[in-house]
There are 2 protein chains.
Amino acid sequence: VSPYPPSKDLFLYPRSVVFVGLPRNNGPGFLNPIDNLIRWGFRGTVHLVHPHAREIAGFPTIEGLSMLEGPADLAVVSAPRETVPEIIGQCAQKGIRAIVVTNQGFADADSRGRELQRLVVEEARRSGVRILGPNTLGIVNAFHRFTTSFMPLERQELAIGAVCQSGVFVVDAKRLTGGMGIGVDIANGCDVGLADALEWLGSEAAIRVIALHAEGIPEGGRFLTVARRISGTKPIVALKTGRSWRGARAAVSHTGSLCGEDQVADVALRMAGVLRVDETQDMADLVRGLLVLPPMRGPRVAVVTFTGGGGIILLDFMERWGLEPTELATSTLDVLQEVYPPWLPPGNPMDIWPAIMKHGMERVYGLTLKAALMDPSVDGVLCVALGLPPEHRARLDSIEVIQGLSGEFDKPIVVWPYGEEAEEAHARLTERGRAFAVPTLERGVRLLGHMSRYERWKRLSGGSFEMAGS
Amino acid sequence: VSPYPPSKDLFLYPRSVVFVGLPRNNGPGFLNPIDNLIRWGFRGTVHLVHPHAREIAGFPTIEGLSMLEGPADLAVVSAPRETVPEIIGQCAQKGIRAIVVTNQGFADADSRGRELQRLVVEEARRSGVRILGPNTLGIVNAFHRFTTSFMPLERQELAIGAVCQSGVFVVDAKRLTGGMGIGVDIANGCDVGLADALEWLGSEAAIRVIALHAEGIPEGGRFLTVARRISGTKPIVALKTGRSWRGARAAVSHTGSLCGEDQVADVALRMAGVLRVDETQDMADLVRGLLVLPPMRGPRVAVVTFTGGGGIILLDFMERWGLEPTELATSTLDVLQEVYPPWLPPGNPMDIWPAIMKHGMERVYGLTLKAALMDPSVDGVLCVALGLPPEHRARLDSIEVIQGLSGEFDKPIVVWPYGEEAEEAHARLTERGRAFAVPTLERGVRLLGHMSRYERWKRLSGGSFEMAGS
């Protein structure tokens, strides 16, 4: 382990950056990292090292690192792999203390690659430099208008932090991590590791939820200590891959990761309060849900539904996720009784379709949802809503009712809009309000299940980790 | 069991329909079933029974069933529940042999409801009438421009048939069953049951894949015999709910279904060749995938990817779904060797990013995918593709390459497009070609896993069920 603590500020908030090796051309299709900085409006100083080009994207270049005048906070290296150890040394001589190595061909490749990665680390230790990568897109910091990614990225100042071991999570952050305000792709993780990156994000005030993708967890003990401390205030949602024998073997050749026993990882992550998800879509759902929704303080769910069949799907999944269809309070049942037809015994799920047919959508939905939210035996509400063509909305829309009530109560409301124009209803819910829309019933249950587990972990772990001062 | 076989033609292809009880108003928000028939251009005769309205939606009404002149193929009944048994009798007297009861309040409600449902069945048996429902949206037949649904529906002549026990699958067919050319909502299933409806769809030439939602499977033996026979030529994708204790109990009050032991259902469905899915989104993925893709003749998958991290996620899930990353043929490895940098050992997953950086997207993607498709050790291909903003597509698009090759080989290609404009790439793939786009890597694996299981079932079950003549 390096004796030099990796400086978060140099990596995440560099004021001056030198790119060593980058495409001569820029613009669409050339994947030149400078294009993102131009598009994002990076306000720091940029130096470009290129042996042949006089200028790139209008920026003057220098022929070699030796010609760099003044210091730089960060170097971004993309060069033939045999030259990388030497470049590390040259950077160090220029006083650069933080380096991102983006190119492939190290522990992700053949035996020579592994040897070269060892030399890179050796050189870094010798000269007091810290390395992120190799084989990485590096850093994303939308707040600082900075990224080292050569893949074109949209800048979004979201309260979502991400630590990953693969650029795919950076490139499609929208669907994989729910978005990314600040991100660190540790990739091969030869020096700066998961625990370092997690620590950085944990200390960022703008970040409220952290998404984590890991193939292996090499510094297990330190990682778990850091994760446990951060989980107390910011939820960490983790996708730990390399679970299967083949996946684990491939992880060795992807980033050189040793994956370990999956069940051990499972228990360890759970004890550290980390919310481990099974699939990429769950990571995005959970990260966004945690960002938007108030906490789910217990396992008791009220279901507001038009569809009995959908209600049963919810009950099946709730059982699997440790959630309970709550026993509604008498006062809530009384509200239902008032609008229900006499032949329908009120209960949970609240099947309100017959009542809607009689008294109208807006009145019945409003009454029911409000009663559920006020019910002390309810920790969260799962709502079914219709997404119909515009002409039907005047009489059959419930999205506005949900929006209105979602601001008034401190309980999570998860909504599954369905029907011909479900996407429109989904978008309307996502745009405003504190209710959260999901594309399937099952994903709604998983979200509330994870949220309930997280709060339970916080309760059970008490403040003990704070008392221990770790 | 009724001695009168339920006539498929009367239910699915009625030439004349009488509605007994329907809203006086029509148009947006009134949920009048007549609006769908107008919108869909139903070509048969329609009679409307209403005690007060002189006309509805421009159609003349009659005051009572007794005033109906001439016969009708089908009656659609929505009336106060106490009156329904009598209406059944009146229909029978008019020579009507098929009735859809749409309203709620029977076995889905209280004890009086269960009693009334019993009386409905008694009356039907006595008078030789068959009943679909109660508590149902009834019939969807886009090809016949006919539906009994009061919920607004889009008409789509898809080769997808659906049998369900809840209207939610009709209303949001797009996302739950992958669409619906012909659909039967058996709901409470007091008379016409799952096996009947399945048999109808099995005999429809226009239907190539069947989606099935069931809470319980009451006539288990007959259902499985029918399912097994149909599975031989048309895949059946099933979502069997009521798995949990609470879900099963709720199914009793939703449709009066007895759910049985879930593991027994699991084995029985598997033996009948039915593809049981775990979640609604898997049902839609699988139904549409089966419709678009050539068969997956074995478990051996080639992966074409830019992302090592994504490749590992695929490997994890492939192991879970009984799929194997194939050992590529030497000829395929030779093709890779030609474009790979010397430091990257070619293998499966085929990690082609470094090659693309050197030789360009179009050439490398085309070479690789074609080699995989030609490789005799490959049964299906999982592709990762980029979905980038338009300006990057000239150099970095692979969608066109995939489209081009997908028509040439008889192997399934499943594609996960990712990046800032993944949805655009997804839509382009869905619109044309025989490749199939998925929104997550994991869903792609599940799709191929189910498809491979289906072909194996077909091979193992041989033609035995045909020899048995069942």
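Me: Helices here are DSSP runs of H or I with at least four residues, numbered from the N terminus. In which helix does M374(A) lie?

Reply: This is a predicted model. In it, M374(A) belongs to helix α15 of chain A, which covers residues 361–374.

Me: Is M374(A) buried or exposed?

Reply: M374(A) is exposed, because its relative accessible area is 55% and the cut-off for exposed is over 50%.

Me: How far apart are M374(A) and S331(A) in sequence and in space?

Reply: In sequence, 43 residues separate M374(A) from S331(A), while in space they are 9.6 Å apart, C-alpha to C-alpha.

Me: Turning to cysteines, how many disulfides are found over all chains?

Reply: The search of the whole structure gives 0 disulfides.

Me: What about C383(A), buried or exposed? And C164(B)?

Reply: C383(A) is buried, because its relative accessible area is 2% and buried means under 20%. C164(B) is also classed as buried, at 1% relative accessibility.

Me: What is the lining like by class?

Reply: It has 8 nonpolar, 3 polar and 4 charged residues.

Me: Now aromatics. How many aromatic pairs are there over all chains?

Reply: The structure contains 12 aromatic pairs. One of them joins Y454(B) and W457(B): it is stacked, with 6.5 Å from centre to centre and 10° between the planes.

Me: Why are Y454(B) and W457(B) separated by about one helical turn?

Reply: Both are in helix α19 of chain B (residues 441–461), and they are 3 residues apart there, so about one helical turn lies between them. Y454(B) and W457(B) are both buried.

Me: Which residues form an aromatic cluster in chain A?

Reply: F306(A), W353(A) and Y365(A) form one aromatic cluster.

Me: Last one: where does the charged end of R320(A) sit?

Reply: The charged end of R320(A) is over the ring of F317(A), 4.3 Å from the ring's centre. In chain B, R320(B) lies over the face of F317(B), at 4.3 Å from the ring centre.

How values were computed
Residues are numbered from 1 along each chain as its sequence is written. Chains are lettered from A and ligands numbered from 1 in the order in which they are written. This is a predicted model: local features need pLDDT of at least 70, side-chain atom pairs count only at pLDDT 80 or more; totals for chains, interfaces and linings use all residues. Side-chain values use heavy atoms; hydrogens and water are left out. A disulfide is a pair of cysteine sulfur atoms within 2.5 Å. Buried means under 20% relative accessible area, exposed over 50%, partly exposed in between (1.4 Å probe, protein chains only). Ala, Val, Leu, Ile, Met, Phe, Trp, Tyr, Cys and Pro count as nonpolar, Asp, Glu, Lys and Arg as charged, and the others, Gly among them, as polar. Rings of Phe, Tyr and Trp (its six-membered ring) pair if their centres lie within 6.5 Å; planes under 30 degrees apart count as stacked, over 60 as edge-to-face and the rest as tilted. Helices (H or I, at least four residues) and strands (E, at least two) are DSSP runs, numbered from the N terminus. A charge sits over a ring if NZ of Lys or CZ of Arg is within 6 Å of the ring centre and within 35 degrees of the ring normal.
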